[in-house]
Amino acid sequence: MALLNFLKPKNKLEEGGRTEAPVQNDAGEPEKNCPNCHKDIPLSRLWANQLVCPCGYHFRMKARQRISMITDKNSFCELFANIRSDNPLNFPGYKDKLEMSKTASGEEEAVVCGTALIGRQKCCIFAMESYFMMGSMGSAVGEKITSLFEYAMNHRLPVVGFTVSGGARMQEGLLSLMQMAKTSAAVKRHSDVGLLYIAVLTDPTTGGVTASFAMEADIILAEPGATVGFAGKRVIEQTTKQSLPKVFQSSEFVLEHGFIDKIVQRKDQRKTLAELIKMHHGE
Amino acid sequence: MSGTPYDRVKLARDNKRPTGQDYIKNIFKNIIELHGDRRYSDDKAIIGVIARLDGTPVTVIAIEKGHTYKERVERNFGAPHPEGYRKALRLMKQAEKFGRPIICFVDTSGACCGIGAEERGQGQAIAENLMEMSTLCVPVISILIGEGGSGGALALAVADRVWMLQNAVYSVISPEGCASILWKDSAKADVAAESLKLTAEDAKSLGVIDRILSESDIGSKEYYDRIRTLLTDEITELSKDPDLLQARYDRFRKIGMRSN
């Protein structure tokens, strides 16, 4: 499976991902160029609007920013923070890449897990971290997600998960691949006891994560304009020798083809999630 | 067992190797092929049959690459579309309903990578197989007979026992793909093949597979007879296990834990 949108160089890993780093305008205020409307937007304005451009373009967000945006104030309680990757296959260059990602993201791994309240409803939550090797899934990510679903099952809690991933992490080879089976089995057990799992697909959700827990939720939401797919766009273009439409593998594309339930803008996510949890687990 | 890991990759891809169909024909009797996913079409990259294994009815699913160029085109070079995985799942659920053990022969460079595959939810199809196979209430044995290409192979290999031919490979990504992403140079595929730990011995030492099958007499009557006996014995064993599903869960659960 192709790992697409693979780790970008460290200096590009700035707020909002996939776009250039903020630059200072004449007034000395940092601003970012929106890749959609091509306007320079002051960072303060973006922050006030949950990193969404006035034109509607959703910039990438860090895992913890998402969690604090979605959950009730001070309700997040982190779980499994001590699960980290090492280099089980002694893959060349992997140790350095891990260190680089830790610096770039401020995280120890590509997913943050825990419990929290959303609209006063208790749930388990995970948010993947694009700034950590583009959210790729190795043993630690697989172990954390699996442990979270097991915890949720034992405590009879719903799970809300924000996905962002280039796919399975190739530096851990087969061990990464097996995390797809491992996480899927845990999702299935959680599901079989009647508990709710809502996935929110964010940009990009691809490869082995799409082909496992991202597509296994009871309700699948997505952010507007996110890349959602299995194989990499470039790989498909090379294989099929066809150029692909811009909308191919976007949230809108997978919605049209029936693979997600709804596209929800960032500003409405908290309310939508709270309402959904209440309808399944509330009084 | 010799040569570099990349030599193994080339061996695993050799079109003279027995394919899924060869295993079905030579190991099983009373073979009846069943077609279609009941949703979209019949994917020829995956063959599903009910047949007898030493008298016992079983369901066999095989990824088929074909031997000749014409066959390979017809079989999409063993790269299944979503409807192939959905056909496989339909037949596995049917096997579960009627208490038939399931045997999968896996041989693919990966799930089909194309516009139609994306439109019809390749990721979702694989994900559903991973989820559903984890709780099938009948014994499941998967054998990697050639290429075990990533999620497209795993989608038929969430099993109680996973066996691998000595020259088969099993990997999260093709060595060429890995080299071109990491080092922008697909010519470094040999380095990638070495680093990815994709040989049968590697997979066994990582706890990903349970048994390596010798290829010394590959394609001979004795070869297929040996595999038939192994399958029969293993299914007899697995059928006696009252905690089959817990054992299957634990089998994958422990892979990649920190204690490993």
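The following dialogue asks how terms are applied to a predicted model.

Modeller: This is a predicted model, in which local features need pLDDT of at least 70, side-chain atom pairs count only at pLDDT 80 or more, and totals for chains, interfaces and linings use all residues. Residues are numbered from 1 along each chain as its sequence is written, chains are lettered from A and ligands numbered from 1 in the order in which they are written, and side-chain values use heavy atoms, with hydrogens and water left out.

Biologist: Why is A:T206 called buried?

Modeller: Buried means under 20% relative accessible area, exposed over 50%, and partly exposed in between (1.4 Å probe, protein chains only). A:T206 has a relative accessible area of 0%, so A:T206 is buried.

Biologist: Where is A:T206 placed, and which backbone oxygen does its side chain reach?

Modeller: A:T206 is in the loop between β8 (197-205) and α6 (207-210) of chain A. Helices (H or I, at least four residues) and strands (E, at least two) are DSSP runs, numbered from the N terminus. The side chain of A:T206 reaches the backbone oxygen of A:G166 at 3.4 Å.

Biologist: What makes the pair B:R161 and B:E234 a salt bridge?

Modeller: A salt bridge is a side-chain nitrogen of Lys or Arg within 4 Å of a carboxyl oxygen of Asp or Glu. The closest N and O atoms of B:R161 and B:E234 are 2.9 Å apart, so the pair qualifies. B:R161 lies in strand β6 (residues 161-165) of chain B and B:E234 in helix α11 (residues 221-239) of chain B, so the pair ties together parts that are 73 residues apart in sequence. Side chains of opposite charge can pair when their charged atoms come close.

Biologist: Are B:R161 and B:E234 buried or partly exposed?

Modeller: B:R161 counts as partly exposed because its relative accessibility is 28%, whereas B:E234 is buried at 11%.

Biologist: How do you know that B:E96 and B:K93 form a salt bridge?

Modeller: Their closest N and O atoms are 4.0 Å apart, and the pair is listed as a salt bridge. Both lie in helix α4 (residues 82-97) of chain B, 3 residues apart, about one turn of the helix. B:E96 has a relative accessible area of 22% and is therefore partly exposed; B:K93, at 34%, is partly exposed too.

Biologist: Which residues are linked with B:K93 and B:E96 in a network of salt bridges?

Modeller: The network links A:K188, A:D192, B:K93, B:E96 and B:E132. A:K188 lies in helix α5 (residues 173-192) of chain A and is buried, because its relative accessible area is 10%. Leaving aside its neighbours within four places in sequence, A:K188 is in contact (heavy atoms within 4.5 Å) with B:M131, B:E132, B:S134 and B:T135. Over all chains, the count comes to 35 salt bridges.

Biologist: Which residues of α8(B) are buried, and what do they pack against?

Modeller: They are B:P175, B:G177, B:C178, B:A179, B:I181 and B:L182. These residues pack against α3 (94-105) of chain A, together with α1 (5-13) and α9 of chain B.

Biologist: Why does A:H38 count as exposed?

Modeller: A:H38 has 57% relative accessibility, so A:H38 counts as exposed. A:H38 is found in the loop between β2 (30-33) and β3 (40-42) of chain A, and its phi is near 60°, a positive value in a residue other than glycine.

Key. Polar contact = N/O pair within 3.5 Å; in protein donor to acceptor, adjacent residues only side chain to side chain.
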